[in-house]
Every structure is written in C-alpha cells, then in structure tokens.
Amino acid sequence: MAQSQLDNLINNQKDFFQSGKTKSIEFRISALKKISGMIEQHESEIITALFKDLHKSPTEAFTSEISYVQNEIKHTIKNLKKWNRPVKIYTPLINRPGKSFYKYEPFGIALIISPWNYPFGLLFSPLIGAIAAGNCVIAKPSEMASHSSELIHRLICDYFDANYIAVQEGDAEVTQSLINENIDHIFFTGSTAVGKEIMKSASNYLIPVTLELGGKNPCIVDQDINIDVTAKRILWGKFFNAGQTCIAPDFALVHEDIYDQFINKLNHFIDQFYSEDDFSHIINNNHFDRLSALIEEGEIIKGGILKPDDLYISPTIITDIDYNSKIMQEEIFGPVLPIIKYKNLDNELLKLAKLPKPLVQYFFSKDKSLQDMVINRSTSGSVCINGTIHILMSSGLPFGGVGASGMGRYHGKESFSTFSYKKSVVRKSFFADMKAVYPPYKTPIKILKKVIKFLY
C-alpha cells in the first residue's frame, strides 16, 4: 500500500471514530459476536493455515488459537457493560454540590502488531480488547506466518468495513510506515529487540505503547515435588508449539538431590508424548539455523535430531551448561531445554535477580514457605507455582511483562483497560459559589490553611 493510500485509510478511520458509532456498547458487542461467528465458520481454514505455517497440530491450533479466543470473547461480552460504567469518586467540599467520576474512553485508532508464533490468537486476543474499548483498529499480522496472514486479511476484509477494522500485510517497512502521528495506541507482541524499535518510533509522536515481549523464563525444580507430574507439566509447557511460545520455560534449574532421577523422567515422558508427525516445526530457516547453533555446546542427552528440509528439531534436553553458556545469553524460543543443577535456592534466586526480568517465573515445590520465597523475591511479569503455561488459563489475571519482558497488561478486563484511558469529570452546580477563591485575595494565610483543611 502506497503512503497516500495508508494516509487515506487512517483518515477514514479517524472520521469513522469521530462519528461516535464505536462508542455504542451495542455496536461493540455486535462486532465481538461477528468475530466469534467468523472464527467458528472458518475454523477448518484457520487450522489448515496454522499447519502450513508451523506444522501445528489440530489440537494445539484449536486450544491455543481458537477456543482460547472464543472464551475471551464470551467473557468480554458478558462483562462489558459493567466494565464500561463510570466510576464515582469522593467529591471534596470545595466542589460541592457536585459529582466526581471517571469514565473509560477509547483512544481512537489502535495499531495491533502481532507475531508469527500464534498468528491468530495473538492478533485476535488484543483485537477483542480494542473493540471492547470502542477503538478503530489497524491490524498488522506477521509476514513470517504468510498463510495465516493472508487468511486473516481475507476474513477481516469480508466481515468488516476497513474504516472500522483493517488489516495491513507486509514487512518491517510497512510496520514502520504505520507508526505515525495519527495512530493513538500501539499494541505490539514480539521480541524485546523489535519492541525497543517500536517504542523508539512511537516516541517520535508520543504514542502510548503496550509491549508484550519475552525473555528467559526460569523454571526452578525443588526436591520436594511430585516428580512425574512436574516432568509432564514442564515438558508440556516447554514443547507446546515446539517451544515457540513467549511464556515457555526457557531453562530449568533442578535440585541436585533429584537431578538424575528428574532427567530420566523427562526422557521417559518425551518418548511417550512426542512424534514428528504431530510436533510443530520451526517457522523458517533463520530460526532453524539459530537454534541449531545453540545446541553445539553442552551435552545433548535427548533429542538433537535436526531436519533442515522439514524445519524440524526434535524435543531436546541439554546439560553441562552454565549461566555463561551461549544458550543462556538469549531467549531460546525453540524445542531445546537446558538443565542446570543447583544446591541452594537462595543462591539461585540471587543469580536470577541479576538477569533481565523474565515474563514468567516458574517454581515446582510442595513447600509453601519456599513458594512464598519465590513469589516475594522474584521480579517477573507473573509467577506460576507447580505449573507452566497454566498461567494463561486464569483469564481474569492481568498478563504482561516487566522491564525487558514488556510493559502493560491485557486479558479479560485488563484488555479493555489497556485500550482505554480514564477521563476524569467534575460536574459542579452553579449554587454556592465561594467568593474567597477569587482575586483579589484578602483571606489571611492562617485562616486559609484552616479553610483548605476543612474543604478537602
């Protein structure tokens, strides 16, 4: 799309927003229902596109990108009227008779830039919030998941007026051209490196941003656990979508007392769980080559099967690495789980505190006091005890990062809040106007102090 066409699209969305149609709760709910119906009607096409892009199994495609979104829509429709109500605030005597309240207002035009790893789920989930808050939207799907991007573009064009919701396909240059002074909010999901560039560009126009990034999510395994359940939950969270998940456990710290036994359990359940036929593939050659290089040091004790022609990497466990190893210097974002042995939890928490803040901190233990220690001493977007990607199943919880793992929150009501701003309102009466507030100021300071203390 030429710049003139893009400017025209944004101007048309501005006009549509100014018409006030999107502020109607009925209009917003109707749009959400239309999204739900669209997904339901084209479910098989979505699953096919995800298989073509990522070799994603129907089960993973349905649970993470279809039912997940549908549940979010139902939750939003059910609660939207309540969320949108004005909130009354105490009114000080100086403003009485009168009322004080704030109300939620949409920003205007929201730009949603989504990633390739969950091309439907991570576009439609924030889209739900943007619609619920009353915005117009320009959605930019990732060009790396080309089949999904093409399908999203076609479906949105078929179901919605571009003056309300539009999809713009393309590469990084297109994304850059979309960030201009007429955009009112940017919601970006992706890597920390790209997030920095998005924020830098947005700062030129003072556009508020929500950044949903990633990081090296630590997974600490205490010796006091149900070892079978722990192994299965970590494998499930790590290798879901071949590890191409921002909240996947990035590496595991395993207590020395159960280290050998735990690794044996991981190997056992990998054999039970996974086959090449229903395991997601790596998105492209660049990511495949990057992951292949990461497993060159250390000892591969499970997996390590590389098939470049199919972009397939088998579930892989690697040991004999430490915090200085190459694989520990960046987010893995693939089906490789490094295991590090530890002895003292307190020491490991001190080491982790020196690393960039992760999106999620995982901890497995039956010991409530140790659980509380991890919760209270971890600086991370979320903490999940005795689980992994289970953290996303509590739809009412705000989700997001901190520091290098992102800024801002969404999911449930938090999505509505993220795409809104609070407009403060004071509504005064003409009655009881106080002459003392106007110049010339004749009230002595001593008396004024007493009056102000009373009025507030």
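Trainee: At what angle do the axes of helix 2 (residues 25-41) and helix 5 cross?

Mentor: Roughly 160°, coming within 8 Å. Axes are lines fitted to C-alpha atoms over the stretch in contact, with angles from 0 to 180 degrees between N-to-C directions. Helices here are DSSP runs of H or I, at least four residues, numbered from the N terminus. Keep in mind that this is a predicted model, where local features need pLDDT of at least 70, side-chain atom pairs count only at pLDDT 80 or more, and totals for chains, interfaces and linings use all residues. Residues are numbered from 1 along each chain as its sequence is written, and side-chain values use heavy atoms, leaving out hydrogens and water.

Trainee: Why is the pair called roughly antiparallel?

Mentor: Over 145 degrees counts as roughly antiparallel (under 35 is roughly parallel, 65 to 115 roughly perpendicular, the rest oblique). The angle is roughly 160°, so helix 2 and helix 5 are roughly antiparallel.

Trainee: How many residues of helix 5 are buried?

Mentor: 13 of its 13, so helix 5 is mostly covered; buried means under 20% relative accessible area, exposed over 50%, partly exposed in between (1.4 Å probe, protein chains only).

Trainee: What span does helix 5 reach?

Mentor: 19 Å from first C-alpha to last, close to the expected 18 Å, which is 1.5 Å times one less than the number of residues. Just after helix 5, G134 takes a positive phi of about 100°.

Note on methods: Helices (H or I, at least four residues) and strands (E, at least two) are DSSP runs, numbered from the N terminus.
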